[in-house]
Amino acid sequence: MEETTVQTEHMAKYRKSNLWKQVFRRLVKNKMAMTGLGFLIFIFVFCMIGPFFSPYANGGVDAININQPPSAEHWLGTDALGRDVLTRLMEAGRISLTVGLGAMVMSVFIGTLLGVLAGFYQGIVDQIIMRTADVLMTIPGLPLLFIMAAVMSEWKVPAENRLYIVMVMLSIVGWSGLARLVRSQILSLREREYMHATESLGLRDRRKLFVHLLPNIVPLLIVVGTLSVGGAILSESVLSYFGLGVVPPTASWGNMINAANSLIDFQNRPWLWIPPGVAIFLTVISINLLGDGLRDAIDPKMKSR
Amino acid sequence: MDQKEPLVEVKNLKKHYKDSSRSLFKRNQSVVKAVDNVSFTIEEGETFGLVGESGSGKSTIGRSILRLTDITDGEILYKGKSVHQLSKQELREHRKSFQFVFQDPFSSLNPRIRIGDAIGEALLDHGLATKKEIREKVLEVLNLCGLAPYHIDRFPHEFSGGQRQRIGIARAIIMDPEFIVADEPVSGLDVSIQAQIINLFSDLQEKKQLTYLFISHDLSVVEHIATRVGVLYLGTLMELGSRDEIYENPLHPYTKSLLSAIPIPDPTVKRERIVLQGDVPNPANPPTGCKFHTRCPFAREKCKTIVPEFKEVEANHFVACHLV
């Protein structure tokens, strides 16, 4: 008897993370995904730790050295106010990544919650939620964001807090697609026989939702969430480029590219807009590679190639 | 014996499915009568076998009794209480005393839940035991169902079909129910495993004084476990009687033909076989009169128009046939 319990404990430890271990193993084998992950880690470290090593941190204005091309002192040159572009690129990265992650977390939370409620309770709840989502989906995202940004500009939010407004806006636009996905998953899951079993056991709705349904959509959430970070970063750039997102003096990759708006800067000072452009490009493509890799790793059957 | 109140009483149960597929030009509402006016009782401690072909309404009856599906008409009494009129709270209380064993051992277990948790969660959710007690109880039930203690932390995909069905049974009996509906619990398993599972059902019945409603399309399986048998055809009971009566002295032509189709593993035995012609009629458009008359080798004119009465021919032996 003693031996069996020891064995039980041993097996328990061995089994605990089995499912996710397999996923991880498959992910590590995927070269594209690992390249993406590597780039992402690099960009994170670059943005989060980089500014500590820069002598030009905190937006030091230098009236003498404006619009300098890249040199030994300023590796990526300076902008119209004499600020170091490399340092600004790193600080902007913090903002852009924060907005991207924050918007993803919020829209995944809202989308999952509403999708689960719609799929599980059906009827009138479903109607209200899904019709709202339909309405949101009929309006093109970008104009909607512009309108919201214009309305929110009225509120005189301080520049350093604009990023939170942007996050909220992006998640309001972004939840509907995810809610539909989650709802359809729940609709198919709830007809599985093990859900009938929870009914015959007389389990509470809470347990059915959180123990039986939610864990089964976690893989979906991870994949969709990862991919949506890239989208959120792009949307933030677009908004900021138009001056409706994060506004100067707070830097974001989007409002840095705004420099390309002026013909002189565009033709003669490429160091102002190429670095943020490359940063956005690399970040989004890395996220998408990682997201695709995760999807294949979590469900090998879905592999299209 | 006869005065005892039955555990389950099904009275004139009807379950109709409406097919409301309406097109712009056509408006036909066809109604499929999955279960049509079925009445029977299940006494405490017995095993009631319900047999019939696919689509005859066996599973629907089983699910209706446990209120896993709504009914159209009729009444189901469990210990004298109408199951379909219980409030949500009362139903939750009742769920402790009747349980369901599902047909497909693969889809009836959540692939992401360890079987120890799957078996014990009902106790946890109903607040019947602490986590530690539950683990003890789960180990006890695993043992009872012929599984090993180290299985407790495994995932469903690590088990064979027979083992999964044992898990399904363990999940059902951990609540100490009095009544279990087993919906074709062995039809997904191969023959050698079927025997083991049926023996497990019998053992558990002896140990726990369980009452079963055992649904199957396999007459030889039912013969092993049932004490009384009901034969369904197109949602209607054709014959009902004790196991011995049904198997030794079948009265309904449908029952006779079913029994004559059971293979006997002895090539020297010769017997008369009744081979039915044609297919089961479309349940959306069932035959008039006796539902079986289109395939009955003994059908007469009367059978086509008049619905036969479900009458007691011998003591506790009911048949719906004009010829008996």
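This is a predicted model: local features need pLDDT of at least 70, side-chain atom pairs count only at pLDDT 80 or more; totals for chains, interfaces and linings use all residues.
In chain B, eight strands form an open sheet of mixed pairing, arranged in the order E6-E7-E8-E3-E9-E10-E12-E11. From one strand to the next, the twist averages 20 degrees. Within this arrangement, strand E3 (residues 47–51) and E9 of chain B are paired in the parallel sense over four bridges, and Leu50(B) has Gly230(B) in E9(B) as its bridge partner. Helix H6 (residues 191–208) of chain B packs on the sheet, where it touches E3, E6, E7 and E8, and its direction makes about 165 degrees with that of E8(B). Helix H1 (residues 58–65) of chain B lies across E3, E6, strand E7 (179–183), strand E8 (211–216) and E9, and runs at about 155 degrees to E8(B).

Phe40(B), a residue of strand E2 (residues 30–42), has a relative accessibility of 3% and therefore counts as buried, the cut-off being under 20%. Its contacts beyond four places in sequence include Val8(B), Val10(B), Phe48(B), Ile61(B), Ile65(B) and Leu240(B). Leu237(B) is also touched by Phe40(B), although the two residues are 197 residues apart along the chain; their C-alpha atoms are separated by 9.0 Å.

Helix H9 (residues 253–260) of chain B is mostly covered, with six of its eight residues buried; among them are Pro253(B), Tyr254(B) and Leu259(B). The elements covering these buried residues include helix H7 (219–225), strand E9 (228–233), strand E10 (236–242) and helix H8 (243–248) of chain B.

The contact between the two chains involves 35 residues from chain B and 25 residues from chain A, and the area buried between them is about 2900 Å², of which 54% comes from carbon and sulfur atoms. On the side of chain B, Arg112(B), Glu121(B) and Asp125(B) lose the most area to chain A, together accounting for 21% of what that side buries. Between the chains there are five salt bridges, as well as 13 residue pairs in polar contact, with both residues at pLDDT 80 or more. Helix H2 (88–94), E6 and helix H3 (115–125) of chain B each supply at least two residues of the side that touches chain A, and the largest share, four residues, comes from H3(B). A salt bridge joins the side chains of Glu199(A) and Arg95(B), at 3.5 Å from N to O.

Terms used
Residues are numbered from 1 along each chain as its sequence is written. Chains are lettered from A and ligands numbered from 1 in the order in which they are written. Side-chain values use heavy atoms; hydrogens and water are left out. Buried means under 20% relative accessible area, exposed over 50%, partly exposed in between (1.4 Å probe, protein chains only). Contact means heavy atoms within 4.5 Å. Two strands pair if DSSP finds at least two bridges between them. Axes are lines fitted to C-alpha atoms, for helices over the stretch in contact, and angles run from 0 to 180 degrees between N-to-C directions. Buried area is the accessible area (1.4 Å probe) that two parts lose on being put together, summed over both. A salt bridge is a side-chain nitrogen of Lys or Arg within 4 Å of a carboxyl oxygen of Asp or Glu. A polar contact is a pair of N or O atoms within 3.5 Å; within protein, one must be able to donate a hydrogen and the other to accept it, and residues adjacent in sequence count only if both atoms are side-chain atoms.
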